[in-house]
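This report goes through a model of a complex, beginning with the confidence of the prediction and moving on to the chains and to the packing of helices. Please keep the structure open alongside the text.

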Amino acid sequence: MSSRPLLLGVLQVKELSILLVTIAAGIYFTATSGAFNSTDNYQTIAQYVAPWSIIAAGQVMLLICGEIDLSAGFVFTLAPFMMMQFFVNGWPLWLALLGAIVVSTLVGLVNGLIRTVLAIPSFITTLGMAFLLQGLVLIISNARPVGVPKDSAVLDVFGGAHWTEFLWALGVVVVMQVVLSATRFGIHTQATGGNPVGAAESGIPINRVKVVNFAITSTLAGLAGILQGTRVGSYDPTNGGFTTMFFAVASAVIGGTALLGGSGTVAGAFLGALLLGIVFDGFNLNGVSANAFNVVLGAAILGAMVLNVSLIVVRKRLGSRERI
Amino acid sequence: MTAETGATSRRTALKFLGMGGTTAAASALLAACTSVQDAQNGGKSGPFPGTPGWRFVFVNHVTTNSFFVPTRSGLADAAALLGIPEPQWTGSENGNVAQMASAMETAINGKADGIAIALTDDNAFIDLTKRALGQGIPVIAYNAGAAGNFPLTYVGQDLYLSGFRMGQRIAQKVTTGEILVGIAQPGGNNVQPRLDGITDALKQAAPGVQVQSVNTGAEQAGELNAMTAAYTGNTAVKGIYAVDAGSTAACAKVITDHGLSGKIGAGGFDLLDDTVAGVKSGALDFTIDQSPYLQGFLSVLYLYLYRLSGTLIAPPATDTGLTFVTKENVGPYATAHSRFEGGDNKDVIAMPGAIPLPPASVLSR
Amino acid sequence: MTEGPVTEPEREVIRAEGISKKFGPVTALADVNLHVRRGEILGLIGDNGAGKSTLIKILTGYHQPDGGRLLFDGEPITLKSVVHARSLGIETVFQDLAMVNDLPVYLNLHLNRELTHRPLPFLRRREMKRRAREALDSIGIRIPSVTAEVGMLSGGQRQAIAVARSVYSKAKLLLLDEPLAAMGAKESAEILRLLRGLKQRGDIAIILIAHNYGQVMDVCDRVNLLQHGEITFDQYAKDTSVAELLELVNAEYRLDGNADSG
């Protein structure tokens, strides 16, 4: 008898469906490729997952309160170059890194202020910002990649040493999930998205909530960009971009965050990124070539979402029978 | 059973059929895609002993760009010739270096038998190359080379030299004024050296000429817009050139659209359809063939021989070509639609009656 | 004006004297005199466009009156803003209820008043759930679980929680703008029962705007009619009837022109 509430409790965990789908994907690729279950391969998957989940952690908050940041992919690209710019001008590396993060935060603040003060929809605001930043990157970098400074203890912590990029991702995901589900700010973010008029009537400073979430997202995007570039060994103007932003948002949505706002989960976004990483890496491992790759990737994502949604429906049906 | 419930159960049945059918179709599609590589499990090739089905991986920076269609034909032909499965073609669609690095890493983890990579970044592939070599996986660079890296060899065009020769050629026609030069990925290892070559050659041969570079972006569709905008903003230019395939095709279109054929200098690289048509019509003075087919074909051949001989046959550095294609010799490029240039025609192409004279040979001391 | 009820100034929560408000050339309110006492439910009726919403907005600090004055707890006051009004204990339950559907009952009850483990910013969910349970029970609202998402409840239940939230936040004056408009008979009865329970507690004053005069007579102590920018009728419910209210409101629009005088 006592197992039933436990089962229901588990079923009601929002992230259950995406977890099951991710496990299914893992099983599939284990079956089809001998090299899937190796530490090296896990590391490759982790390298896909880290940038997407870090950016997604912020995008989840924004999506929940009814906004989106399309420029995150270019803050990702810009941050390492800002860091090198400061470094080349004589700042110690740790300060240059900090400076780059601060610049990223400022971008988010600008996004948020344009959105709230000028009332321009975030889609347009951040789209404009995206192009602006893309141009800025090309100008600063002269469109050439820059090598990562070698033998830097600071950079070792930020992507240089093995697994650091992924560890940062885990840390970010944990912290943001706690912020979302265990702080007043998280509740206010949900209220701002779920009922902005009502939230404002209750005295919640919805504009401030949005601006803070924009700032969080772009800060995380800058951090992610520095981490990935450092790991790869090269800060490249081709890193990041719309594709990275898109996969981050996709991770969030696949993981259970509603595109139209009101509810979401950072842990789910991590699982969404994990699913995408497994699929990307798995098909590469299986030898799928470029043209077919996109077909297969698209089919896999669709299949995963169908499964995800079906599981959510089952969960809701079982859950609601127990309610009022 | 009333008509209504009959309809419902029919609908339900159709729904299940639909779901089942889609699932079946999806799995078939999946199987088809992933089994392309299992097609051949190795075999015998002419005089060579039988080999296991060596699995080579090509890592590319613009996997879906039409420039590389002949490269993929080349690698497929070589594989078929040698009795090994067709190599995997992966990497990034839009020049993303991190993605290419991940693809290379996956190839290493998956214990590929050989890797061919376009080295579009100086730093990102060094450690990976060392790791691959350390695990006994040969690595060859093709199409783009980089300093300070460790591929066994480079198979492709000498980028700086090709730009330099192009600059010399431009100087024959344009001696003063401004020229536009479109470049798809400024700073990219596979195109920037060409631009540098042009600039340096012009400094020597025609110092009165100013080079205005135009960033056209890596996507073919956008390149035309960028070149058009650049020209519209500067109609006094003496020439419109480009250093990559897509931008060159865009040049040809801009010149044709604005009726500038013969009035200003134009030329570029590679053999996209618009480019070849442009050379034929006179819109472009020349284009440069870097033989993408050979970049694929020879890379596979070199990896195969290297493995077969246990490193005795070391892959040689290979300049796949710097052929100026002009109105005189453009014929077969335009009409044959040969597989060697990305078309469907697999037939033997007829030889011309007389062969045009190549440039005079130059010995390197 | 007909003779009104006796006032008891010491129990008055709010009194409006000579309130007027114009929007451009349109006079919304001309000369409004109104008061509500602790433990009393005042029904405010009037035709659409009579100015009821404007009056509510002035009483809750959203608008400033052009003329007249307000007294709160006997003291003259200027309500600078909604937040200011709320801080004094004036709460409104709007038609949209200001509820967040994806959040559970107990969090909606604590919206913007969430409890945290000071100084750390972490929520005290268990404590909030307990207090929510207590608050709902004490008012007599029947919700099986305070963890249910508000979006899954019926309209009546959500209305009840909105009312509970105001009470929970120690409101002194509660204004309800057409709370029963979209509700069926059973749910309306629940809300009316709830309001009656509140009245009996004796510490809150309620102004209720409604169009269903049967419901108004059912739960209100007194009825005010807002007509042409003035309160033209102020009687205890027991001294009037649904028929009389209908007559008063519709008299000027009678088709046959035979309006009763007086």
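## Confidence of the prediction

Among the elements of chain C, the lowest mean pLDDT, 82, belongs to helix H6 (residues 185–201) of chain C, and the highest, 93, to helix H3 (residues 105–109) of chain C; pLDDT is the predictor's confidence in each residue, from 0 to 100. Chain C has a mean pLDDT of 84, with 92% of its residues at 70 or more, and the predictor assigns the complex an ipTM of 0.83 and a pTM of 0.80.

This is a predicted model, in which local features need pLDDT of at least 70 and side-chain atom pairs count only at pLDDT 80 or more, while totals for chains, interfaces and linings use all residues. Residues are numbered from 1 along each chain as its sequence is written, and chains are lettered from A and ligands numbered from 1 in the order in which they are written.

## Chains A and B

Chain A contains 14 helices and 2 strands, whereas chain B contains 11 helices and 12 strands; helices (H or I, at least four residues) and strands (E, at least two) are DSSP runs, numbered from the N terminus. Of the 324 residues in chain A, 55% are buried, and of the 365 residues of chain B, 52% are buried. A residue is buried if 20 or more other C-beta atoms lie within 10 Å of its own, exposed if 12 or fewer, and partly exposed in between, with C-beta atoms placed from the backbone.

The C-alpha atoms of chain A fill a box of roughly 70 × 60 × 35 Å, taken along the principal axes.

## One side of helix H7 in chain A

Helix H7 (residues 153–160) of chain A has Leu155(A), Phe158(A), Gly159(A) and Gly160(A) as buried residues. Because these residues cover an arc of only 130° around the axis, they lie on the same side of H7(A), the arc being that of the directions from the helix axis to the C-beta atoms. The buried residues of H7(A) pack against helix H5 (93–117), helix H8 (164–182) and helix H11 (206–232) of chain A, where two residues are in contact if their C-beta atoms, placed from the backbone, lie within 7 Å.

## Contacts between helices H3 and H13 in chain A

Residues of H3(A), including Tyr48(A), Trp52(A) and Val60(A), belong to a set that meets residues of H13(A), among them Phe270(A), Leu274(A) and Phe280(A).
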